[in-house]
Amino acid sequence: MKTWTKEERYRVLKSEEEIRELHARTETSDYRQHYHIQPVTGLLNDPNGFVFHDGVWHLFYQWCPWGAVHGLKYWYHTVSRDLVTWKNMGVCIRPDTEYDNKGAYSGSALPMKDSVLLYYTGNHRDEDWTRKSYTCAVDLMDGGTARKLPPLFGPNPDYTEHQRDPKIIYRPESGKYYLVIGAQTRMKKGCVMIYVSEQPTEGWRFAGQLKVPGFEDFGDMWECPSIETISGYDVLIFCPQHLKLPGRGDSVHHNGYLLGHMDWGTLTFTPDNTRFHVLDFGFDSYAAECAANPNDRNKATLVAWMGLPDASYPTDEEDWSGCLTLPRELRVRDRRLIQQPLDELRALRGRKIDLEYTDLLPRVCELELISRGGDLDLRLFAKDDGADGLCIEYNDAKREITVDRSRLTRRFNTEQGESRTRPLPKGLSHLRIFIDKSSVEIFVNDGDAVFSSRVFPVEREERIVVNGDASVHLWELSRAVEDDFKVE
Ligand code: FRU
């Protein structure tokens with residue numbers, strides 16, 4: 001495995017010529033995705049600034065150009081009209097000022113009349129590597145040219161150096177703008193700082209720390225927090241770090257949410273109960289970001305990084321890493337968040353495969369399974385004799401579903417646990433599974449649970465096995481992201 005010096009990781013990208021060859025090599029990888037957003041070169045992590053403006057969806061990602069390493073971060077810009085086909089637009093925010101000299105870190109977007117405002121964390125480091133976080137803004141004029149504004153405010157001295165990931169929220173009832181920022185208290189507890197202003201680009205002041213009764217000691221840093229209002233509920237979404245949760249192996253990075261009520265007057269989020277719900281039951285999901293649905297206030301659209309901090313992936317050897325999940329429609333049902341694939345994705349369906357005649361699994365496909373009851377044993381990427389593969393099992397007596405990736409040839413991040421189980425008290429009725437070149441997203445019972453995972457099947461892992469009383473439909477899917485090289 002390559003070891004990186006600090007100079008290599010934090011090298012500034014001066015021209016796209018410097019990575020043209022790296023891109024050409026990346027493109028030849030067998031694991032390049034066909035309909036998931038992935039980095040042009042190097043590493044992708046969090047989705048940022050997801051917003052609909054003037055007929056166009058904008059979605060950015062945290063990008064380190066040089067290889068599969070967390071180094072100097074840029075905001076890379078992609079756009080779509082339908083949330084299915086995506087176009088590369090090039091770099092949008094460069095870490096080129098004193099305030100963001102070691103990275104333009106994660107943040108969010110606010111649609112304005114003629115422009116989009118982007119809010120991000122300027123990750124500044126002094127010569128002695130002391131970190132200082134600045135909350136910065138960019139005006140994306142006509143959805144295109146980016147103009148940096150003077151930083152909105154600097155680090156808050158009452159918290160540790162871990163302060164980042166501003167989420168902008170406008171509250172029409174008070175006419176106020178809020179920035180919700182992930183932070184760590186001096187006692188090393190994860191929390192959320194809230195800033196307020198009457199104007200989106202000036203007048204910002206610290207309003208206080210978000211009170212979340214019952215969650216005062218829940219991980220040591222909360223990354224990527226956000227407060228969404230969906231179907232009349234307030235939802236606090238965040239990534240508590242360095243915390244172990246039952247059923248999640250040794251993993252210490254989670255992305256989840258609390259359902260409850262947000263009082264912007266007292267800055268208190270009162271959860272409905274003491275349950276922290278995991279957003280995604282798979283192995284690879286983090287830093288989810290939501291965009292408001294322009295047509296329906298009861299819904300939002302969520303996208304996440306299909307990866308985890310401090311984890312390595314098989315494509316690291318090929319010098320690239322990471323992709324985003326599919327955008328999902330988010331609603332509240334039975335006091336839970338429901339995530340469903342967007343209807344628009346049906347447009348990608350191509351040839352229908354009849355499993356009566358073949359057990360070869362196309363490498364890029366969608367599978368729909370309707371269960372008639374009882375146990376299910378579904379294996380994707382099984383070997384020629386039908387053994388092994390990615391095992392998806394439903395046990396009807398226990399009423400639980402398990403996804404196990406320990407029987408694939410390429411195993412990775414094994415210490416995070418190789419199997420994940422989720423109870424299904426009402427049984428299993430329906431699965432929709434989206435398979436791309438190196439990922440599988442499993443939507444259970446119309447969005448009741450989602451499992452998102454990276455998988456890296458090798459040559460002879462290409463069969464599908466279905467044991468159980470179910471009807472299965474399978475479609476090839478066509479390409480929706482271009483592997484075109486656009487940086488500047
Ligand atoms: C989460 C995170 C954020 C930070 C960004 C840096 O994955 O660590 O807190 O802004 O990634 O790339």
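Student: Quick one to start: which loop is D310 found in?
Tutor: D310 sits in the loop between β19 (300–305) and β20 (320–321). Keep in mind as we go that this is a predicted model.

Student: Okay, and what is phi of D310 near?
Tutor: Phi of D310 is near 55°. That is a positive value, and D310 is a residue other than glycine.

Student: Is D310 buried or exposed?
Tutor: D310 has a relative accessible area of 66%. Exposed means over 50%, so D310 counts as exposed.

Student: What about R399, what's its phi?
Tutor: R399 has a positive phi of about 55°, although R399 is not a glycine.

Student: And where does R399 lie?
Tutor: R399 lies in the loop between β25 (390–395) and β26 (400–404). Its relative accessible area is 33%. Buried means under 20% and exposed over 50%, so R399 falls in between and is partly exposed.

Student: Switching to the ligand. Which residues surround it?
Tutor: The ligand is surrounded by N45, D46, Q62, K73, Y105, S106, R164, D165, E223, Y286 and W305.

Student: How does that shell split by class?
Tutor: There are 5 charged residues in the shell around the ligand, along with 3 polar and 3 nonpolar ones.

Student: Which strands each supply at least two residues of the shell?
Tutor: Those are β1 (42–53), β5 (104–111) and β9 (159–171).

Student: How far is the side chain of N45 from a ligand oxygen?
Tutor: An N or O atom in the N45 side chain is 3.0 Å from an oxygen atom of the ligand. For K73, a polar side-chain atom lies 3.0 Å from a ligand oxygen. In the case of E223, an N or O atom of the side chain is 2.9 Å from an oxygen atom of the ligand.

Student: And how much of the ligand does the protein bury?
Tutor: The protein buries 91% of the 320 Å² that the ligand exposes when taken alone.

Student: New topic: where is H23 found?
Tutor: H23 is found in helix α2, which covers residues 17–27.

Student: Why does H23 count as buried?
Tutor: Its relative accessibility is 5%, and buried means under 20%, so H23 counts as buried.

Student: Who is H23 in contact with, leaving aside neighbours within four places in sequence?
Tutor: H23 is in contact with V40 and T41, and also with D483, D484 and F485.

How values were computed. Residues numbered from 1 in each chain as written. Predicted model: local features only at pLDDT ≥ 70, side-chain atom pairs only at ≥ 80, totals over all residues. Heavy atoms only, no water. Near = heavy atom within 4 Å. Polar contact = N/O pair within 3.5 Å; in protein donor to acceptor, adjacent residues only side chain to side chain. Areas by Shrake-Rupley, 256 points an atom, 1.4 Å probe, with all protein chains shown as cover. Helix = DSSP H or I, 4+ residues; strand = E, 2+ residues; numbered from the N terminus. Nonpolar A, V, L, I, M, F, W, Y, C, P; charged D, E, K, R; others polar. Buried < 20%, exposed > 50% of the residue type's maximum accessible area, 1.4 Å probe, protein only. Contact = heavy atoms within 4.5 Å.
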